[in-house]
Amino acid sequence: MLDRYKRLGEVSPLAIQKDWESLIELLSVASRVKANDPESVQAVVDMAYSTEKAADAAAKWIVETCGVDISSGLNVAPTG
């Protein structure tokens, strides 16, 4: 998933580039989590909270522009 988001980030439009970079960083941190290490898990939780607005903004732009719900990967009906 991280590699897919990185590849998409290479072609992401300027409108969501910073938001997308935040999501890549979150996935990068999550990919290194050590489930038995509370500090490692907390780092992912903290980053998830701190990137929530970026994730929402990117997801909204993608649905409105591309008609794709990135949370599920399924196409959605055009909004307008």
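Why does Ala48 count as partly exposed? Ala48 counts as partly exposed because its relative accessibility is 36%, where partly exposed lies between buried (under 20% relative accessible area) and exposed (over 50%), with a 1.4 Å probe and protein chains only. The legends below place this residue and others in the model.

The model is predicted, so local features need pLDDT of at least 70 and side-chain atom pairs count only at pLDDT 80 or more, whereas totals for chains, interfaces and linings use all residues. Residues are numbered from 1 along each chain as its sequence is written, and side-chain values use heavy atoms, with hydrogens and water left out.

**Figure 1. Overview of the protein chain, with four helices and two strands.** The elements follow the order α-α-α-α-β-β from the N terminus. Helices (H or I, at least four residues) and strands (E, at least two) are DSSP runs, numbered from the N terminus. The C-alpha trace spans about 45 × 20 × 20 Å along its principal axes. Of the 80 residues, 24% count as buried. The accessible surface of the chain is about 5800 Å², and 55% of this belongs to carbon and sulfur atoms; such areas come from the Shrake-Rupley method with a 1.4 Å probe, and for residues only the protein chains shown count as cover. Among contacts (heavy atoms within 4.5 Å) with a separation of 6 or more, 35% join residues 24 or more positions apart.

**Figure 2. The largest nonpolar core, made of nine residues.** Its members are Leu2, Tyr5, Ile16, Trp20, Leu23, Ile24, Leu27, Ala58 and Ile62. A nonpolar core is a set of buried Ala, Val, Leu, Ile, Met, Phe, Trp, Tyr and Cys residues joined through side-chain atoms within 4.5 Å. Helices α1 (2-10), α2 (17-31) and α4 (52-66) each contribute at least two residues to this core, and α2 gives the most, with four residues. In soluble globular proteins, nonpolar side chains tend to be buried together.

**Figure 3. The aromatic pair of Tyr5 and Trp20.** The count comes to one aromatic pair. Rings of Phe, Tyr and Trp (its six-membered ring) pair if their centres lie within 6.5 Å; planes under 30 degrees apart count as stacked, over 60 as edge-to-face and the rest as tilted. Tyr5 and Trp20 are stacked, at 4.7 Å centre to centre and with 10° between the planes. This pair links distant parts of the chain, as Tyr5 belongs to helix α1 and Trp20 to helix α2, 15 residues apart. Both Tyr5 and Trp20 are buried.

Figure 4. Ile62 counts as buried because its relative accessibility is 9%. Apart from neighbours within four places in sequence, Ile62 contacts Ile16, Trp20, Gly67, Val68 and Ile70. Ser12 is 50 residues from Ile62 in sequence and 10 Å from it in space, C-alpha to C-alpha.

**Figure 5. Leu23 and Ala48.** Ala48 is located in helix α3. Between Ala48 and Leu23 there are 25 residues of sequence separation and a C-alpha to C-alpha distance of 8.8 Å. Leaving aside neighbours within four places in sequence, Leu23 contacts Tyr5, Ala55 and Ala58.

**Figure 6. A nonpolar surface patch that includes Val45.** Val33, Val41, Val45 and Tyr49 make this patch of about 340 Å². Val45 lies in helix α3 (residues 38-50), and its relative accessibility of 32% makes Val45 partly exposed.

Terms used:
Patches are made of residues with over 30% relative accessible area and no salt bridge: like charges are joined within 9 Å, nonpolar side chains (Val, Leu, Ile, Met, Phe, Trp, Tyr) within 5 Å. A salt bridge is a side-chain nitrogen of Lys or Arg within 4 Å of a carboxyl oxygen of Asp or Glu.
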